[in-house]
Amino acid sequence: MIILFYITLFLVTIVILFYIFGYAYLFNGISKTYLRGKSSANIDDGKFFTKNIIHTTNPIIWDDHPDYNKKELPKNIVGDLIHSNTASFLVIKDGKLLHEQYWNGYNELSKTNSFSMAKAVTVMLYGKALEEGKIKNIDQNFSEFYDEFKLKPFGKDLNLKHLAQMESGLIWDENYKNPFLPNARAYYGRSLIKATFSRKFKEKPGERFEYQSGSTQLLGFAIKKAINQSLSSYLSEKFWIPLGMEQNADWSVDESGMEKTYCCIHSNSRDFAKLGQLFINDGKVGDEQILNLDFIEQMRKPTEKSDEIYGMGFWINNDNPIKHYYFLGLQGQYIIMIPEHKMVIVRTGSYNNLPKTDRGRPDQVKFLVNETVKHFA
């Protein structure tokens, strides 16, 4: 009994200390991972989080390409996809669905976690709010939305373009494995504003590229204040409905209803592909320009400070003979645009050991681009 008493006392003390030092979110993380047989965030965890709905109204089904699923993938592509625990692999060519394949029980209706592909979606909302005059200019100061940043060292120098280009100068360790670092706090915590506004700056914004989820979350806060509505409803109105998405999507939120703008849009692969097709079409749906082309060009223009590998929300590879740019999410979520071949590739899945030796970009993306084009072009 004495031993049990001390064990209980020890556990209670640990719990109290976690709350005192701001680590109570770890209990939420444990309940959504280890207690469900997972070791980390996963593409199916959307049902465990509070969410806002991204509504669609008039679904438009993809037209099938004349060669839809007539040509089997070569063994090297299939081997790579199976090895990387792929859920879906889609190829769009000339605006039509050319190839579609699913593994591990997933299908065309399966909603999976976008992870950081949502960063580019958040930048799209930034562009739309700018186009509509709700944001005054592309480099409007963040402190115009949140006065308290004028009092932070370097805070008054931060603008929205810095956030979109990952040049914020924040102290933010982009580590997905350490539960005590900011990403876990933002993902499993109750308050995104506490997770991000508490961060300090280590340098003047605009000086250096550093990929950080906190930057996109701050951008999301500014956009929400500018549009005076939820980001989910704005995304629905400006993109989900005009694109004719097949399904409503879900966007994970904190307890205040704020979207996790650095991640966590849960949708199906066919609808993810429509986001890619929008950029192949230079922002048009039919004859309607739903995203300003000048802004799109800034999204897909690589920045000097990123060493030409990142624009605004997009990862970019102009080193490869087949040039491409893409939405990128944790564990290998990709929407890849290949303008020269009017092609979009979508891959979703759970690849926890994703090699990134291509100047910080996933090796798999270049492989899929080169081999898919070779096979289908």
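A residue counts as buried when its relative accessible area is under 20%. Gln331, with a relative accessible area of 6%, is therefore buried. The model discussed here is predicted.

**Backbone with positive phi**

- Most residues other than glycine have a negative phi.
- Gln331 is not a glycine, yet its phi is positive, about 65 degrees.
- Gln331 sits in the loop between strand E10 (324-329) and strand E11 (333-338), and its relative accessible area of 6% makes it buried.
- Lys342, also not a glycine, has a positive phi of about 45 degrees.
- The loop that holds Lys342 runs between E11 and strand E12 (343-349).

**Disulfide**

- A disulfide is a covalent bond between the sulfur atoms of two cysteines.
- The count for this model is one disulfide.
- The bond joins Cys263 to Cys264, with an S to S distance of 1.9 Å.
- The torsion about the S-S bond of Cys263 and Cys264 is about -65 degrees, and the disulfide is therefore left-handed.
- Cys263 has 2% relative accessibility and counts as buried.
- Cys264 counts as buried too, at 1% relative accessibility.

**Aromatic pairs**

- The whole structure contains 21 aromatic pairs.
- In one of them, Phe209 and Trp315, the ring centres are 6.4 Å apart and the planes stand at 85 degrees, so the pair is edge-to-face.
- Phe209 belongs to the loop between helix H7 (192-197) and helix H8 (213-227), while Trp315 belongs to strand E9 (residues 315-317), so this pair ties together parts that are 106 residues apart in sequence.
- Both Phe209 and Trp315 are buried.
- The rings of Phe279 and Phe314 have centres 4.9 Å apart and planes at 85 degrees, which makes this pair edge-to-face because planes over 60 degrees apart count as such.
- Phe279 is in helix H10 (residues 269-280) and Phe314 is in the loop between helix H11 (293-299) and E9, so the pair ties together parts that are 35 residues apart in sequence.
- Phe279 has a relative accessible area of 0% and is buried.
- Phe314 is likewise buried, with a relative accessible area of 0%.
- A cluster linked by ring pairs consists of Phe142, Tyr146, Phe149, Phe197, Phe201 and Phe221.

**Charges over rings**

- Tyr146, a member of the ring cluster, has Lys225 over its face, at 4.1 Å from the ring centre.
- The ring of Tyr187 has the charged end of Lys260 over it, 4.9 Å from the ring centre.

**Cavity**

- The search of the whole structure finds one cavity of 30 Å³ or more.
- The largest cavity holds about 40 Å³ of space.
- Its lining residues are Ala87, Ser88, Tyr102, Tyr106, Asn107, Ser110, Thr112, Asn268, Ser269 and Thr348.
- By class, three of the lining residues are nonpolar and seven are polar, with no charged residues.
- The nonpolar class includes Ala and Tyr, and the lining includes Ala87, Tyr102 and Tyr106.

**Residues apart in sequence**

- Gln101 is in strand E3 (residues 96-102), and at 25% relative accessibility it counts as partly exposed.
- The C-alpha atoms of Gln101 and Arg347 are separated by 9.8 Å, although the two residues are 246 residues apart along the chain.
- Trp172 lies in the loop between helix H5 (160-164) and helix H6 (182-188), and it counts as buried at 3% relative accessibility.
- Trp172 and Gln212 are 40 residues apart along the chain, and their C-alpha atoms are separated by 6.5 Å.
- Tyr176 is also placed in the loop between H5 and H6, but it counts as partly exposed at 39% relative accessibility.
- Tyr176 and Ala41 are 135 residues apart in sequence, with a C-alpha to C-alpha distance of 8.9 Å.

Notes
Residues are numbered from 1 along each chain as its sequence is written. This is a predicted model: local features need pLDDT of at least 70, side-chain atom pairs count only at pLDDT 80 or more; totals for chains, interfaces and linings use all residues. Side-chain values use heavy atoms; hydrogens and water are left out. On a 1 Å grid over the protein atoms alone, a cavity is a set of points where a 1.4 Å probe fits but cannot get out, and a pocket is an open set with protein on both sides within 12 Å along at least five of seven lines; lining residues have an atom within 4 Å of a point. Grid points are joined across faces, edges and corners, and a volume is the space filled by probe spheres set on the points. A disulfide is a pair of cysteine sulfur atoms within 2.5 Å. Buried means under 20% relative accessible area, exposed over 50%, partly exposed in between (1.4 Å probe, protein chains only). Rings of Phe, Tyr and Trp (its six-membered ring) pair if their centres lie within 6.5 Å; planes under 30 degrees apart count as stacked, over 60 as edge-to-face and the rest as tilted. Helices (H or I, at least four residues) and strands (E, at least two) are DSSP runs, numbered from the N terminus. A charge sits over a ring if NZ of Lys or CZ of Arg is within 6 Å of the ring centre and within 35 degrees of the ring normal.
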